[in-house]
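Hi,

Here is the model I promised to send over. Have a look at it first, and my notes on what turned up follow below.

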Amino acid sequence: MSAEVKATPTPAAAPATKRRRRRIPVLSRRDRVLVLIMVAVPLLADLMFVWGPAIATVGLSFADWDNLGGLGNIHYTGVDNYRFAATVDPQFWPAVLHNVIWLLVFIGIASPLGMLFAVIIDRNIKGSRIYQSVLFLPVMLSLALIGIIWELIYSPNYGLLNTLLGHTSDSNSIDWLGNPHLNLWAVLVEASWRQAGYVMVLYLAGLKAVDPSLREAAALDGAGPWSTFWRVVFPVMRPFNIVVLVVTVIESLRAYDLIYITTKGTVLPGLELLSMLVTQYILGQTQRIGYGSALAVVLLAVSVVPITIFLRNAFRREDAR
Amino acid sequence: MSAATPDVGLDVPRTLDPLASAPETRRRPTSFGTVAATAFMIVMTVLWIVPILFALYVALRPISSTATYGYVSLPHGGLTFSNFTDAFTQGQIGHYFVNTVIITVPTVIVALVLASAVAFVLTRLHFRGAIFLLILFTAGNLLPQQAIITPLYWLFTQLELPIPGAVLYNTYLGLIVINVTFQLGFCVFVLSNYMRSIPDEIYEAARVDGADLWTQWWRLTLPLCRPALAALATLLTTWVYNDFFWATVLMSSGDKRPITSALNNLQGQFVSNQNTIAAAALLAAIPTLVVYFVLQKQFIAGLSLGSAKG
């Protein structure tokens, strides 16, 4: 390429001849090579390590493969994996249920709580900055770390919760993280502790974007703070509502770290989640790549909904330009 | 579901006349609503900080004391830093910190360089398919990691490195590659939104001055994007630092793992000593807390950039 590099050093002259497409500057040969590299390297990486595996997941979900004996050992089995999940696997439906509960708790409790925090902080009451700093603190911590520090609270014999409840002896202690009827809810408290702060920050940005004259107009029309918020402010924050919704759904599907650290990497009764089952089938003693992929496809299929909503919201305005 | 919202006093001012407060020069008169909101926030803030302070308290107490009296007790036997020093000497926290630096620093730099390159091309050269590529990158970042891990795991065990016998699996390089690729989408999305706000005239002037594409990107666009790059760097550092999933699945040996995923190994190592685990966890939190206190604005700006333009 170096021979012709200097051949067309004046691309600026070109737009004059092509007025109709004035936004596309004519590129020199060297510039074209540069553009190719700038796009090709990230694109190839993205295709190879994200989209390729995503497509391969779908393909493998219709096959049986133990990752031994090479690719030739992949046997096409149709929808057998899905049938097995739906009818035989005792962990599948509990996992689906737990993912749904996770999502409902995030939508019904963590997000409204975060929004409430944001609304109050946005009112600038005394101490707002302290509240904001503390409530946002868990968002900075890794979920693995959160799992560890909450184990101290839930510890059956020594923990804060059982001590407060007076249940610390071996006979009456409550095993918050072990009891299959309690452990999901105990973990969801930890997860919401973090999620609420995350939602709070997103809504704080949203509230700042609301034109103050809207509120004044609503107040002049006799609307109270309650109806002003729900009828005026909340609808105006639509893009932020969508982002929060998308983040909530995707975080619910990704839920993994907290469970993993709580169960030390195994799948415990009461804490089955699709994400945990997927990794169990690739990291376990017997690898069932095909079956794990089928479970991953369930995650993939559900994630298409929030991803589509987000993309429509994000790129619609671009088309208008 | 708005069940959690109404009973905290936000709706109370409705019964007081909202107009009554409007003409006053003080915007927030002390109303019942304000008092209720303040009380609520104080309670929540205390609830929010308790788990962290409790972990700190347990980490500061010797195991002999908590084993006898439980975690909720006066500090019999005094407070000690020995759990923290144990985390360093027996738990090798320092070693894991080094692993984290080896992975995080290149990840953030490479991700930002690649993302800004793509974003620059996609926003500046209006070729067909640019939007499609933008959507492709953005959507890739939103996939649940577990939805792609199965083939990815296999790929990592197959891709050979120039070093004999080595594959991408269980290497620092492997973790850098997947972290860069997975975070690329978000960075491309944020940076392309940011670059679109740079006026065309600047580029036209640069072209008249004979600036080639490299100059327009590296010398013109990147400096103009400094606020967005700073915010993204802060976010990425925290996210990659806190990554648990890639490091636990794509790394088999504990001694190469970065600090966050190594916490899981430490949990096994100190299984009977929660105090040292708590100390290790709190030590692992220090870098992100430093980021938080020093760069809170950048961090929040980054999150807002991702959502506000969305």
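The lining of the second largest pocket is made up of 20 nonpolar residues, one polar and no charged. Here Ala, Val, Leu, Ile, Met, Phe, Trp, Tyr, Cys and Pro count as nonpolar, Asp, Glu, Lys and Arg as charged, and the others, Gly among them, as polar. The space in this second largest pocket comes to about 420 Å³. Of its 21 lining residues, A:Trp150, A:Tyr154, A:Val189, A:Trp193 and B:Leu47 are the closest to the centre.

On terms: the search uses a 1 Å grid over the protein atoms alone; a pocket is an open set of points with protein on both sides within 12 Å along at least five of seven lines, a cavity is a set where a 1.4 Å probe fits but cannot get out, and lining residues have an atom within 4 Å of a point. Points are joined across faces, edges and corners, and a volume is the space filled by probe spheres set on them.

Both chains take part in that pocket: helices H3 (92–122), H5 (143–154), H6 (160–165) and H7 (183–208) of chain A and helix H2 (32–59) of chain B each supply at least two lining residues. H7(A) gives the most, with six residues. (Helices are DSSP runs of H or I with at least four residues, numbered from the N terminus.)

Before you go further, the ground rules. This is a predicted model, where local features need pLDDT of at least 70 and side-chain atom pairs count only at pLDDT 80 or more, while totals for chains, interfaces and linings use all residues. Residues are numbered from 1 along each chain as its sequence is written, chains are lettered from A and ligands numbered from 1 in the order written, and side-chain values use heavy atoms, with hydrogens and water left out.

Now the cavities. Helix H10 (residues 238–254) of chain A gives the most to it, with six.

How far can you trust it? The model scores ipTM 0.85 and pTM 0.86. Mean pLDDT (the predictor's confidence in each residue, from 0 to 100) is 86 for chain A, with 89% of its residues at 70 or more. Chain B averages 85, and 89% of the residues score at least 70. Where pLDDT is low, the predicted coordinates should not be read in detail.

Cheers
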